[in-house]
Amino acid sequence: MSEFLRRFARQFAQLNKDNLHSLDALYSEDIHFTDPLHEVQGLTQLRSYFSELYANVSELRFDFHGFDQIGDCEGYLRWVMSYRHPRLAGGRLIRVTGCSHLLWRDKVYRHRDYFDAGALLYEHLPVLGRVIAWLKRRLG
C-alpha cells in the first residue's frame with residue numbers, strides 16, 4: 001500500500017476554494033494535468049483551473065477508495081466525486097466515479113484523470129441531457 005498515494009489523497013480531499021495555495025505541496029512546478037475536459041501545464045495554470053472549478057460549484061468533494069501503486073513512483077487513485085452546480089440537475093448532488101493516474105518524484109508531476117464526461121456534465125444539461133438519455137435507451 002502506497003503511503004504517498006494515501007497522503008496525496010488525504011491532502012487533495014481537503015482542497016477548497018480558500019486553500020488552493022496548498023497545491024504546490026502536492027504538485028511540482030512542471031505539473032502536466034489532464035482530464036477528459038481540460039489539459040493544463042504548470043502549477044500556475046493548474047491553480048487557475050482549480051480556482052475556476054471551485055468558483056462554479058456550490059459543493060465539491062472527493063471520496064477516495066482505492067490506492068494502487070503499480071511501480072516506483074507510479075499509481076492510481078480510485079474515487080467518487082460529488083458536486084452541486086446551481087445550473088445542473090436542478091442543483092441536486094451529482095456523483096461521478098473515476099480514477100487518477102499519477103507519476104511522482106517528491107511531488108506529482110503527471111496527473112491524468114479518467115471519468116465519464118457525460119456523467120459529469122453533459123447528461124445534466126437541459127437539452128443535451130435529454131438527447132443523451134434518449135441515445136442511451138436506444139443503444140442499451
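Start by selecting threonine 34 and the residues around it. Setting aside neighbours within four places in sequence, threonine 34 is in contact (heavy atoms within 4.5 Å) with Glu39, Arg110, His111, Arg112 and Asp113. Now show the side chains of threonine 34 and arginine 110: a polar contact of 3.1 Å joins them. A polar contact here is a pair of N or O atoms within 3.5 Å; within protein, one must be able to donate a hydrogen and the other to accept it, and residues adjacent in sequence count only if both atoms are side-chain atoms.

Is threonine 34 buried or exposed? At 7% relative accessibility, threonine 34 counts as buried. The cut-offs are under 20% relative accessible area for buried, over 50% for exposed, and partly exposed in between (1.4 Å probe, protein chains only).

A word on what you're looking at: this is a predicted model, where local features need pLDDT of at least 70, side-chain atom pairs count only at pLDDT 80 or more, and totals for chains, interfaces and linings use all residues. Residues are numbered from 1 along each chain as its sequence is written, and side-chain values use heavy atoms, with hydrogens and water left out.

Next, colour the chain by pLDDT, the predictor's confidence in each residue, from 0 to 100. The mean for the chain is 85, and 80% of its residues reach 70 or more. Threonine 34 sits in strand β1, and β1 (residues 27-34) is where confidence is highest, at a mean of 97. Helix α5 (residues 126-139) has the lowest, at 56.

Switch to the cartoon view. Walking from the N terminus, the order is α-α-β-β-α-β-β-β-β-α-α.

Now pick helix α1 (residues 3-13). Which of its residues are buried? They are Phe4, Leu5, Phe8, Ala9 and Phe12. Look down the axis of α1: these buried residues fall within an arc of 125° (taken from the directions from the helix axis to the C-beta atoms), so they line one face of the helix. An α-helix has 3.6 residues a turn, so residues three or four places apart point the same way.

Last stop: methionine 81, in strand β4 (residues 74-84). Methionine 81 is buried, with a relative accessible area of 8%. Select arginine 61 too: methionine 81 and arginine 61 are 20 residues apart in sequence, but 5.7 Å apart in space, C-alpha to C-alpha.

Terms used
Helices (H or I, at least four residues) and strands (E, at least two) are DSSP runs, numbered from the N terminus.
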